[in-house]
Amino acid sequence: MLEKGKISTLQMEFMIIPAIIATGVLSIPSISGKYARHDMWMTPIVGSIIGFITVYIVWKLHQLFPKLTPFQYSEKILGKVVGRIFSLFLIFFFLHDTGIVIRQYSDFITSNVMRETPSVVFSISITFVSALAVRGGIEVIARSAVICTTIFLCVSLVLLLLIKDVEVSYMLPILEDGLLPVMKGALVHTAWFSEFFLLAFIYPFINTRGKGLKSGMKASLYVMLLLLYFHLFVLTILEVSAVNQLYPVHSIIRSISVFGFFENFEIIITASWVLGNFIKVSVFLYVANLGIAQLFGLSNYQITVFPLSLLLVLLSYWDIPNIVGLVDFLTKIQPFYFILVQTVFPLFLLIIAFARRKRSESR
Amino acid sequence: MKKSILVMLCCCYLTLTGCWDRVEMQDLAIITAAAIDRLEDGKTRISVQLFIPRAITSGETGEDPSLGSTFVREATGENLANAISMLQMNVPRKLFWGQCKVFIFGIELAKNGIRKQIDYLIRHPGPRDNSFLYVSEDEAKELLTLVPPLERYSGEALKKLTQEEKGMGSTLRDVDKALMGESESVSIPYIQMLVSKEPTRKLHETIPVIEGMAIFKKEQMIGVLNKKETRGLLWLKDDMKRSTISIKLKDGDGEISMTPTSGKSKFSPEIKEHRWIMNLNITIEGDIVQNETHLDPMDKDVLLKIEKEYETALKERVAQTIEKLQQKFNADVMNFGRRFHQIYPNEWSKVKDRWDEKFPEVEVKIMVTAKVRRHGYIGPPAALPRDEVKE
């Protein structure tokens, strides 16, 4: 076995929450607001359904193959050739996905905080730090996640300082155009929630068996609540003008002013988002890396980390010309693409696995 | 192994410094207020008030205080972005917008439309969303050159005036939201130079003060509410702390004045048989601060009468403001449109495109509840023989 580390379910939750939300908090509210407008606060609730479904599918697969990752059990389910092709596809998918994450992160930093620094500095630095964490194995990622996620979540509390500016009536009228706009807005969320598929790669390394489902569901619920929290503040403060903002949460934090004295909180929150993105990139890079090692039967997975990281930096610039292209991708392609790969494919795997088991039992 | 860790740590430090964006304090020109004017040939002029850090640290060591701690630079360009880039060429340090909380638009610019300028200010990462906007009665640039006797610079004086009365100010975000929203109208404080009559002070040693509200429809300024009407608007906006109201009783021979201490206004829209009605409930509590009459407000009946009178007085003033906004300006700065939209989404979608025609037809029903809470230190009128007090 390549990975000898073991983590607890709590550590898993700490890993998966920023792995979903770190980039989500940047751009989701503006996109979901574009469709759902006054009802944008409902979109995370609707979107989270995909999260719960994905967790359930992944857990069922895990129960069938308790010690294996999807790279390994896909071979058992689909047969050697097809399974390997599927694994290769998954690896490419995660590399592409990580590239987008790194791009979102570096775009955010260069357009909001450090405008004169070339974005490649941020892509390289975050990939490098994540690569170091990945080389250390899953335990290192899990332990740093505990620290980083705690800071990430605590800093999110500064939004509460905005409570005096909240105008609840902006949430009215509820469901003006029916449920369809909410569904459309929720579609953006589903891309992020489908990333709970990552749990499939973490489950085999949990030290307490049997608690995975509950903790995965809990993580999904937390992510939903966090997104709801951010959405509520964005909606009740910015109203419809949230749609214009590229990073609405960052914009509202910029305007925090307590007694005209405590100001400029955006730097603190940006720093905490960097930590969150570090965990996100680490988890994704770890999964892609583990996949390569397992697919090609390498004796350890550390050797491929740095070459892959280099590839990731390049991938983050590949195919995405600018922020317009990025938002367009996030809105129109990503939901379908991500759900297909991370929710529908695992579902097929599960069905086929059950069918095979039934057949072998009936014989 | 140890060596490689050391090398890695060094590499980390290299990436952590943010070299490209390093800014030293002495490389920054801190803008405290900015004024945007439209010149006669259609060009845009930006004037900024720049802070001189030296002036604050050295204190009163012989420098002429009337020079102040700021100076003004200006530049002209085809549009705001252009003008600002020209401005940067006239300032040896990098312009820093983070502290600029005051933007003043010249009246010419306001009448021509402010959308293009707002777009720059919102899009540019420097200016803050919660900075205040103003419209000046004359050229906006003039106001920047004023040296306030009390505050460090005129921008600060203006900011403090606005913060005292919260409903008064309009931030960049408020304006963006309002012009984007249902009503497409907004009010921005209208300011002018306070003429100081002190002979010992120079003419420019004064501050800008708020004279009323400039009313914007779409992006253009269409008129001004005077001071009295502005008070009416403030009552609508839940902010009535500073405005004393005076009333005259029928059998009194003078006025009684009250300063509101707390107040609330509630809007409840209603659509009844195709009639659009806005029910306005204002509750107000206040202290009596002056009593010119011979009446004793300690008396129950008199107090009731006073409260009644306040209610009608307040109603009248609010009604005047609303009347002007509805009939003369046809500008929905109280956000009636949004409130109707929130409660009656279906009806709203029918009139959405012709809200301009509908808004003046909205019936406004004002209900005021006034309560006198305190009388100050004394009850009956002061300096009046006891037997002349009417009860």
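The model is predicted.

**Nonpolar cores**
- Phe196(A) also belongs to the largest nonpolar core, where Met15(A), Ile16(A), Phe94(A) and Phe196(A) have the most contacts inside it.
- This core has 124 residues, and its largest share, 15 residues, comes from helix α11 (residues 266-295) of chain A.
- A second, separate core has 60 residues and includes Leu146(B), Ala313(B), Ala331(B) and Val333(B).

**Packing of α4(A) and α12(A)**
- Helix α4 (residues 80-112) of chain A packs against helix α12 (residues 305-317) of chain A at an angle of about 65°.
- The axes of the two helices are 8 Å apart, and the crossing of α4(A) and α12(A) is right-handed.
- On the α4(A) side, the contact is made by Leu95(A), His96(A), Thr98(A), Gly99(A), Ile102(A), Arg103(A) and Ser106(A).
- On the α12(A) side, Leu308(A), Leu311(A), Leu312(A), Leu315(A), Ser316(A) and Tyr317(A) take part.
- By class, this contact of α4(A) with α12(A) has 7 nonpolar, 5 polar and 1 charged residues.

**Thr9(A)**
- Thr9(A) lies in helix α1 (residues 9-36) of chain A.
- With a relative accessible area of 13%, Thr9(A) is buried, because the cut-off for buried is under 20%.
- Not counting residues up to four places away in sequence, Thr9(A) touches Ile206(A), Thr208(A), Lys211(A), Gly212(A) and Ser215(A).

Methods:
Residues are numbered from 1 along each chain as its sequence is written. Chains are lettered from A and ligands numbered from 1 in the order in which they are written. This is a predicted model: local features need pLDDT of at least 70, side-chain atom pairs count only at pLDDT 80 or more; totals for chains, interfaces and linings use all residues. Side-chain values use heavy atoms; hydrogens and water are left out. Helices (H or I, at least four residues) and strands (E, at least two) are DSSP runs, numbered from the N terminus. Buried means under 20% relative accessible area, exposed over 50%, partly exposed in between (1.4 Å probe, protein chains only). Contact means heavy atoms within 4.5 Å. Axes are lines fitted to C-alpha atoms, for helices over the stretch in contact, and angles run from 0 to 180 degrees between N-to-C directions. A crossing is left-handed if the near helix is turned anticlockwise from the far one by less than a right angle, and right-handed if clockwise. Ala, Val, Leu, Ile, Met, Phe, Trp, Tyr, Cys and Pro count as nonpolar, Asp, Glu, Lys and Arg as charged, and the others, Gly among them, as polar. A nonpolar core is a set of buried Ala, Val, Leu, Ile, Met, Phe, Trp, Tyr and Cys residues joined through side-chain atoms within 4.5 Å.
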